[in-house]
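Hi there,

Here is the structure I promised to pass on to you. Have a look at it first, and then read my notes below.

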Amino acid sequence: MTLIDFKKGNGLVPAIIQDHITLQVLMAGFMNEEAYDKTRKEGKVTFFSRTRQQLWTKGETSGNYLYVKEITIDCDNDTLLIKVNPAGPVCHTGSKSCFSEETAKGFIYELEQIINQRIEENIQDSYTNKLFRKGINKVAQKVGEEAVELVIEAKDDNAELFKNEAADLLYHFLILLRAKGFAFTEIEEILKSRHHK
């Protein structure tokens, strides 16, 4: 087991908080050994406040807790990367990130999770769930239709229609992946493995 070097920073280590689905950096804080132990024990991120000189659990007043999914330690054993499931906006300003970075980057993983949830919970009025329940042939057919529509739009000059058809194709592709029992990251791994070829 790797030990965290709390001595190097006078008893504190930086803790970088990242959304475990989108990988967006949400905030940063500091932890002492007590805050780290409490975080691991309770599954909610607790920091050490340098100004108040006390522990504080993120979300204790707002209810927007940071539920821990994974904790990793850097190569020097003096910085933490904590992947979390945020219960709401992370920044006190109401923003998702304390770095004012409202971005769609990484949303595909959030969309994949929404698709999975609608299927797993068998939400009756959900288009996603209805299509999935029709079976693999219907899902595959829909992906084919969306691919053809994208090709048709690619030949024209309407950028908005092209982008919307591309979004439709990607959305239906995610449903097809789910129907086949695969995750989007598995496709990314294949693309990454091809990068060096």
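Glu160 counts as partly exposed, because its relative accessibility is 46% (buried is under 20% relative accessible area, exposed is over 50%, and partly exposed lies in between, with a 1.4 Å probe and protein chains only). Before going on, please note that this is a predicted model, where local features need pLDDT of at least 70, side-chain atom pairs count only at pLDDT 80 or more, and totals for chains, interfaces and linings use all residues. Residues are numbered from 1 along each chain as its sequence is written, and side-chain values use heavy atoms, with hydrogens and water left out.

Glu160 sits in helix H5, which covers residues 159–180 (helices are DSSP runs of H or I with at least four residues, numbered from the N terminus). Its side chain makes a polar contact of 3.1 Å with that of Lys163 (a pair of N or O atoms within 3.5 Å; within protein, one must be able to donate a hydrogen and the other to accept it, and residues adjacent in sequence count only if both atoms are side-chain atoms). From Glu160 to Asn32 there are 128 residues in sequence and 50 Å in space, C-alpha to C-alpha.

Now for Glu146, in helix H4 (residues 136–154). Is Glu146 buried or exposed? Glu146 is buried, as its relative accessible area is 4%. Beyond its neighbours within four places in sequence, Glu146 is in contact (heavy atoms within 4.5 Å) with Glu165, Asp168, Leu169 and His172.

Enjoy exploring!

Technical notes. Helices (H or I, at least four residues) and strands (E, at least two) are DSSP runs, numbered from the N terminus.
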